[in-house]
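Dear colleague,

Here is the structure I said I would hand over. My notes on it follow below.

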Amino acid sequence: MHAIYLVTDDRLADVAGLQARRLAVQWGCDVHVFVERRDPAATVREFGTGEGVVYHYDQLAAELPPGLPEDKKWPRIVYMRLFAPKFLPGYDRLLYLDADILSLRAEPAVWTVDLPSGLGAVSDIATLSKAPQDLKGVSRAAWLASIGVSSGRYLNSGMLLIDPEKWAQIDFAAELPRYFAAFPDAARYDQDFLAHLFDGRWTELSPRLNYQAYVLELGLTCAVAPVFVHFCRTQKPWHGDNRGWRAATDASYTAAYRQMFLDAGLDPADYARPNPVNMVRRARYRLRLWLRGRGVVSARERRDIAAWHKRSEAFLQFMQEGLASGRFADETRRTLDAPRCEPVFDGRFVVGVECRRELQAQLKGPRHV
């Protein structure tokens, strides 16, 4: 038996619940939603409870050892995904997903992937060749050394494939404080911890199982054929229409979330986030776009298109090498059919316009009335 689980607080409980219902229908398995409420008296709407979704309330916080580092971007709740398997007995495989991951389809073969260490994950795509963006002037090697990773491999913890039997042998409550005492520079908390704890041992899965925001605009989505799309950026598609230069995420995703809310009888406006782009910047972006339409290419456009090509080629090379070598344990493909698309500059972002009709068809997913 196998199951999927999510961990959320009451602020994202609706989003997580709608994702859980979608997963239960698509995947045909149990989906568990752990809700850690800031206010224990808070009421949480439940979705899909008659379709395989099970809710758990306020079980995980008590499992955490005191004194773990946290901040606004990486709050205390990020550690709780490590402890949830304790409350899910009887499963041969568990799949953890962040609440900001959208499932496009089921991929049953994932349940049969061999996990010698007990953990399968996808590389953190934004750091394949460099340190995180906020670490200015730090080499990737120096950054990895500072968080206790010597293998050169670094994972993204938004999607974790877990062997519960092997997971249960790890005393996370003891290991976490020891890790942060030894590596105080670790700033991506649970992710750094897992990359160290399973250093060189975690089973590498294809980016199709955690298709991250860093590559969403590269025009390779349909070629990679993601199972899960991970919106790991500040602006989320449920925040509303993104044409105000807030994020380059395809508007098709925004429409998919809007429809999920409507199908559940919720008002999408309740989850929208006001546009943070000020008027001066908007005017600047509009001017660049206006000039572009008249054949004038700005220095910003030239620079960003060159950067887009570099990122696209680097990611495509990573995918092709991983497939050809058999490094991705979930893949049967040995090459990627990746038709090239031209980048388009909209005044602020450069995006690769590709098979949008195919993407929109995938995003429709299960409907509820």
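Which residue in E10 is the bridge partner of Leu102? The partner is Val229. Please keep in mind throughout that this is a predicted model.

Strands of a sheet pair through backbone hydrogen bonds, in either the parallel or the antiparallel sense. The sheet here is open, has three strands in the order E5-E10-E9, and its pairing is mixed. Its edges are strand E5 (101–103) and strand E9 (211–212), each of which pairs on one side only. Helix H1 packs on this sheet and touches E5 and E10. The direction of H1 makes about 30 degrees with that of E5.

Strand E2 (residues 30–36) is mostly covered, with six of its seven residues buried. E2 runs parallel to strand E1 (residues 2–9), and seven bridges join the two. Within that pairing, Leu6 stands opposite Val33 of E2. To get from E1 to E2 the chain passes through helix H1 (residues 13–27), giving a β-α-β crossover that is right-handed. E2 also pairs with strand E3 (residues 53–57), in the parallel sense and over five bridges. Val33 has a bridge partner there as well, namely Tyr55 in E3.

Helices H4 and H5

How do helix H4 (residues 172–182) and helix H5 (residues 189–197) sit, and what is the angle at which their axes cross? The two axes come within 11 Å and cross at roughly 100 degrees. Angles of 65 to 115 degrees count as roughly perpendicular, so H4 is roughly perpendicular to H5. On the H4 side, the contact is made by Phe172, Glu175, Leu176, Tyr179 and Phe180. On the H5 side, the residues are Tyr189, Asp192, Phe193, His196 and Leu197. By class, this contact has seven nonpolar, one polar and two charged residues.

Gly148

Gly148 lies in the loop between helix H2 (140–146) and strand E7 (155–162). Gly148 and Asp199 are 51 residues apart in sequence, and their C-alpha atoms are 8.3 Å apart in space. Is Gly148 buried or exposed? The cut-off for buried is under 20% relative accessible area; Gly148 has 15%, so it counts as buried.

Two residues with positive phi

Most residues other than glycine have a negative phi. Asp58 has a positive phi, near 55 degrees. Asp58 is placed in the loop between E3 and strand E4 (93–97). With a relative accessible area of 30%, Asp58 is partly exposed. Ala225, again not a glycine, has a positive phi of about 60 degrees. The loop that holds Ala225 runs between helix H6 (221–224) and E10. Ala225 is partly exposed too, at a relative accessible area of 26%.

Regards

Conventions
Residues numbered from 1 in each chain as written. Predicted model: local features only at pLDDT ≥ 70, side-chain atom pairs only at ≥ 80, totals over all residues. Heavy atoms only, no water. Buried < 20%, exposed > 50% of the residue type's maximum accessible area, 1.4 Å probe, protein only. Helix = DSSP H or I, 4+ residues; strand = E, 2+ residues; numbered from the N terminus. Pairing = 2+ DSSP bridges. Right-handed = clockwise from strand over helix to strand, strands pointing away. Axes fitted to C-alpha atoms, helices over the stretch in contact; angles between N-to-C directions. Parallel < 35°, antiparallel > 145°, perpendicular 65-115°, else oblique. Contact = heavy atoms within 4.5 Å. Nonpolar A, V, L, I, M, F, W, Y, C, P; charged D, E, K, R; others polar.
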